[in-house]
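The sequence and the model are shown first, and the description follows.

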Amino acid sequence: MVSGVEVDTIAALSTAPGVSAIAVVRISGPRAAAVLARVAPGLEPVPPREACVAAIIDPVTNETIEQAVVTQYPAPASYTGEDVVEISGHGGWLGPALVLDACLAGGARLAEAGEFTRRAYLNGRMDLLQAEAVVDLIEGRSQALRRMALRQLDRGLSERVAALRASLLGLEALLVHHIDFPEEDDAPIPVTHIAERADELSNSLAALLETAAEGELLREGALVVLAGRPNSGKSSLYNALLGQERAIVTEVPGTTRDALEAAVSLGGFPFRLVDTAGLRETDDRVERMGVNVARRYLAAADVVLLCVEGTRTLGTDERDFVRDTGVPVVVVRTKADLDVTAVHSGRLEIARDRALATGGTGGPEDACATLSVSALAGDGLGELRALLPRLVYRGLLGTGADSPVLTRARQARAVGRALSEVRSFAAALRKGAGPEIAAAHLRVTESALEELVGVITGEEVLDRVFAEFCIGK
Amino acid sequence: MSDRALRCDVAVIGGGHAGVEAAAASARLGCDTILLTPDLSRVGQMSCNPAIGGVAKGIVAREIDALGGVMGRATDATRIHFRMLNRSKGPAVWGPRAQCDRALYPIAVRRILDELSDLHLVQETATALVMGDGRVVGVRGRSGLTVQAAAVVVTAGTFLRGRIHMGGEAGVEAGRAGEAASVELAHTLAECLEVSRFKTGTPPRVDGRTVDFTRLERQDGEPGDYRFSTYVCESIPEQRPCWITWAGAELKKVVRRNLERSALYGGEISGRGPRYCPSIEDKVVRFPNAPRHQVFLEPEGLGTSELYVNGLSTSLPGDVQVEFIRAVPGLEDARITRMGYAIEYDYFPPHQLRHTLEARRVAGLFLAGQVNGTTGYEEAAGQGIVAGINAALTVQGREALVIRRDQAYLGVLIDDLVTRGVDEPYRLFTSRAEFRLLLRQDNAVRRLGPVARSLNLLTSSQNRILAARLQREDDVIEWFHNTTVSAQRAGPVLESAGYTLPSNSMRAVDLARRPGVDLAELARVGGAPFDVETNAEALAAVEIEIRYQGYVRRERERAERLQAQEGFELPSGLPYESFKSLSTEARQKLARIRPSTLGQAGRIPGISPSDLQNLVLEVRRHARGRSEPRAEVAMPPAVQA
């Protein structure tokens with residue numbers, strides 16, 4: 001063979017390092033079997049995909065370092081599409097490291113983060129959307145994201161995109177017929193008909209694009225910011241929602257200076273809960289910085305919990321705050337344990353008239369809920385936990401479990417580009433531009449959708465996608 | 001080779017549309033050229049329908065003409081019906097199409113060929129290639145004649161092991177109805193090239209005196225003297241109408257009842273046929289619910305009453321053809337003069353060719369036309385002219401001509417053939433061109449005229465005509481950009497397009513940008529110094545450039561990006577099998593197709609951009625590995641990252 005570049009063989013620990021019962025070292029590449037032969041010389045030939053016990057030795061010292069279960073997955077029916085070997089040994093800190101080291105000494109190279117999945121993608125074992133789902137599965141901190149990722153690994157979103165590409169092809173076929181077969185049997189296709197078909201495609205693209213906002217929240221966690229005057233009970237509520245004492249609670253107003261952030265799953269959906277300094281004018285420099293941080297969080301919030309002691313009525317500042325905040329605000333009447341009547345009314349009142357002040361539509365996006373909560377007694381917390389997913393993940397809760405969702409800015413950008421080009425296409429046709437002119441827009445649409453599934457991918461896109469991976473996957 | 005052999009620079013086997021253009025181009029470049037064909041009276045014969053042009057194909061006919069070819073002139077001189085297809089759509093997809101007089105067309109072709117002193121026509125059936133030193137050095141003929149040549153262009157059409165089918169019999173060996181197939185030549189070519197089979201078909205013809213025209217819809221051609229040829233003004237004959245009727249339920253019933261007797265559906269034919277030109281059997285089977293199919297009755301010529309029944313191509317036996325013809329409205333009493341038939345023939349999968357149309361494995365051997373798996377006169381002629389030019393350039397030791405995809409449909413055609421290959425007879429469509437707005441019938445001469453001039457394909461008078469034509473267009477473009485038209489003068493033109501009067505005078509180019517504004521009228525009222533009538537094509541070119549500026553710019557930018565990729569050359573002997581950073585599919589396809597540039601590699605179906613990226617690295621490394629001792633090789637980043 002003339003000089004060429006061999007794909008090398010990689011190895012990595014594929015389970016979390018540290019305390020686990022079993023640790024898996026995965027090897028992939030054309031020399032996977034050769035590496036195995038060096039670290040497990042005593043292994044008899046085993047049929048593919050059949051587990052077998054073998055002594056693992058260090059090929060340098062010939063010392064036995066582990067007793068492990070070995071499974072071989074010959075190409076192409078493996079995770080990466082290459083020859084793959086998995087060595088399952090005992091967990092812990094030292095054993096897995098020794099096995100991995102033996103594999104490296106046996107001719108493998110340490111894998112980069114995401115390299116196994118990248119190879120799977122390059123070898124056509126999965127498309128880019130599936131590769132991204134693998135990341136979500138590994139990192140997903142909520143059931144909702146895991147469900148979504150599993151569905152996507154099973155090609156849920158890929159199939160939706162395939163359907164979109166099919167209807168795009170249909171549209172292009174109409175154009176081809178229109179332009180290249182002017183004398184066929186059927187009467188010429190009216191341009192309005194083609195434009196209507198384009199509208200149908202736009203609608204499907206738009207519906208998919210709408211899922212992106214919540215889809216991204218599903219990965220990042222929706223930002224819930226606790227706001228309110230100093231000493232209004234924010235930190236107590238924060239600790240109660242988290243179920244642990246994270247924030248320091250005193251009766252001294254202005255105790256919380258910096259913002260505290262923690263991830264929490266509510267109703268199976270991911271949230272990032274942020275406790276902030278109470279909003280007030282202050283001369284204390286540190287507290288003022290805390291207040292500024294709070295304002296920045298508020299600007300990024302997906303939902304705000306405005307804490308107001310149940311013992312008093314809302315002040316003008318608080319009414320203004322409810323009116324001026326662009327995202328749903330839940331007014332939490334706190335310290336309900338101090339007010340017997342409020343405890344009693346620990347029920348939810350979603351006031352569709354927040355809007356009172358805003359002149360909004362009164363639709364769910366204007367929702368302003370008021371509920372009473374006793375952080376101490378736990379009253380009202382259940383309602384709050386149930387309310388938050390309904391406010392943030394309205395679309396996901398509404399569209400049934402099986403509809404695919406865009407979970408990444410990359411995906412949303414591609415769908416957005418496809419959508420705007422299909423719209424331009426229909427607009428150009430309706431304005432009387434020739435079909436051959438309008439067709440230019442469909443070419444861009446096509447490439448946007450191809451980019452989405454990774455049929456065509458710039459190297460930078462690939463790098464970005466696979467940069468999210470941990471080593472060993 | 002014997003001393004008594006005829007000697008020439010370029011020998012062309014076949015006298016169809018490809019062979020004619022190949023031989024003429026070679027002779028125009030000053031090469032001694034011999035064209036061998038079994039029947040000299042059929043040089044330029046229209047074997048199927050008597051028409052040239054159509055959507056995309058008409059643009060190709062004009063491109064061939066722009067390169068100084070034969071087809072445009074022969075069409076102008078013999079056309080008896082003309083229409084511009086797609087006139088209601090944008091000028092980029094207009095498709096000029098002419099019906100020609102079938103008898104006059106070969107006569108015109110022969111007359112045009114006879115202008116070339118370096119071209120020698122010989123009636124002789126080629127039976128073998130003469131090889132020497134791994135390259136082709138000549139052609140042997142049935143009569144014992146040997147032609148010694150530095151390059152040979154094979155344009156054998158459907159003649160190679162051709163087999164005609166009419167009904168469920170085993171078929172008859174023939175190259176065309178009434179003409180012998182070419183079997184010996186097919187065998188010698190099969191020794192050095194991969195061979196496959198295609199089929200195509202032709203419909204019956206009827207005696208016009210027995211047709212009831214009162215039951216047909218008459219379709220007259222467009223008035224005016226549209227010409228395919230830019231360089232030579234042929235005189236256009238008297239015009240004839242076409243007629244339209246329908247193949248309806250009754251005919252479909254006859255076909256369905258006799259389907260097993262069809263060679264196509266009786267299992268006699270194994271080769272694939274063109275989906276885009278289906279036989280009536282195909283239509284009945286594939287579109288069972290279509291109520292009717294359009295049938296065009298096209299005049300065969302001024303001196304005959306015969307009509308070509310376009311739309312009823314068939315491989316059914318003669319008795320069934322007689323029966324189904326009578327089921328067509330207007331043809332109830334029609335007499336068939338010639339039967340339709342299907343023909344199966346050898347072709348050479350075109351991935352074996354370079355962009356010059358030279359076989360990769362056999363130096364000096366060029367192939368053009370239906371032997372490369374295409375269908376259509378224009379596709380054949382287009383390959384013919386490129387093959388003929390390149391055969392001559394090779395002999396002369398000059399740089400080859402490779403036409404780009406953004407330059408001409410000829411470039412799209414040849415690049416598709418050698419890059420993507422064919423799995424059915426290949427026909428051009430405008431949708432195959434990614435730079436459709438740039439490749440128009442009106443600007444063919446602007447795109448390829450300068451190429452022809454620089455290759456020395458044109459006579460001095462043709463060069464003068466070209467220069468004048470391009471100058472006129474430049475004048476029109478300049479006038480629109482540099483002229484201000486007063487509101488008063490522009491008023492009527494704008495109003496008739498539904499616009500309100502402008503308050504100030506405006507530049508002509510800005511007025512022209514508005515959809516619906518008639519550029520010719522605008523030029524007239526604006527006092528343009530050029531004659532609007534004789535510059536209609538220049539105006540159309542200016543119109544699309546102005547009105548669709550944004551889109552055209554986008555296409556040009558894409559074309560430029562493409563060219564950057566085309567600039568990255570892939571050496572011919574690359575060991576693709578060993579490039580392990582490419583996917584298996586990519587390795588196999590690259591090894592089979594052996595693209596000459598990175599751009600071409602990217603157009604191979606199944607080659608991903610990641611493959612391309614890695615290919616660049618592999619090629620660089622391969623080049624380094626040859627000049628330096630091999631160092632420890634690093635992984636390409638695509639796999640490493």
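## An enclosed helix in chain A

Eight of the nine residues of helix α8 (residues 234-242) of chain A are buried, so the helix is largely enclosed by the rest of the structure. Buried here means under 20% relative accessible area, exposed means over 50%, and partly exposed lies in between, with a 1.4 Å probe and protein chains only. Helices (H or I, at least four residues) and strands (E, at least two) are DSSP runs, numbered from the N terminus. The model is a predicted one, in which local features need pLDDT of at least 70, side-chain atom pairs count only at pLDDT 80 or more, and totals for chains, interfaces and linings use all residues. Residues are numbered from 1 along each chain as its sequence is written, chains are lettered from A and ligands numbered from 1 in the order in which they are written, and side-chain values use heavy atoms, without hydrogens and water.

The buried set of α8(A) consists of K234(A), S235(A), L237(A), Y238(A), N239(A), A240(A), L241(A) and L242(A). Among the elements that cover these residues are the strands β7 (222-228), β8 (260-266) and β10 (303-309) of chain A, together with helix α13 (381-392) of chain A. After α8(A) comes G243(A), which has a positive phi near 75°.

## Chain A as a whole

Chain A contains 17 helices and 13 strands. Of its 473 residues, 51% are buried. Among contacts in chain A with a separation of 6 or more, 66% are between residues 24 or more positions apart, a contact being heavy atoms within 4.5 Å.

## Backbone features in loops

The peptide bond between A75(A) and P76(A) is cis, with omega about 0°. P76(A) belongs to the loop between β4 (64-73) and β5 (84-92) of chain A.

N62(A), although not a glycine, has a positive phi of about 65°. N62(A) sits in the loop between β3 (52-57) and β4 of chain A and is exposed, at 58% relative accessibility. In chain B, N456(B) is a residue other than glycine with a positive phi, near 75°. N456(B) is placed in the loop between α11 (444-455) and α12 (460-482) of chain B, and its relative accessible area of 51% makes it exposed.

## A one-faced helix in chain B

Helix α5 (residues 184-192) of chain B has L185(B), A186(B), T188(B), L189(B) and C192(B) buried. Viewed down the axis of α5(B), these residues fall within an arc of 165°, so they line one face of the helix; the arc is that of the directions from the helix axis to the C-beta atoms. They pack against strands of chain B, including β1 (6-13), β7 (126-132) and β9 (146-154).

## Cavities

The structure holds four cavities of 30 Å³ or more. A cavity is a set of points on a 1 Å grid over the protein atoms alone where a 1.4 Å probe fits but cannot get out, and its lining residues have an atom within 4 Å of a point. Grid points are joined across faces, edges and corners, and a volume is the space filled by probe spheres set on the points.

The largest cavity has about 130 Å³ of space. Of its 17 lining residues, M148(A), Q152(A), L157(A), V405(A) and T407(A) are the closest to its centre. The helices α4 (128-139), α5 (143-153) and α6 (156-180) of chain A each supply at least two residues of this lining. The second largest cavity has a volume of about 70 Å³, and strand β12 (residues 196-202) of chain B gives the most to its lining, with three residues.

How values were computed: 1 Å grid on protein atoms, 1.4 Å probe; cavity = no way out; pocket = protein on both sides within 12 Å on 5 of 7 lines; lining within 4 Å.
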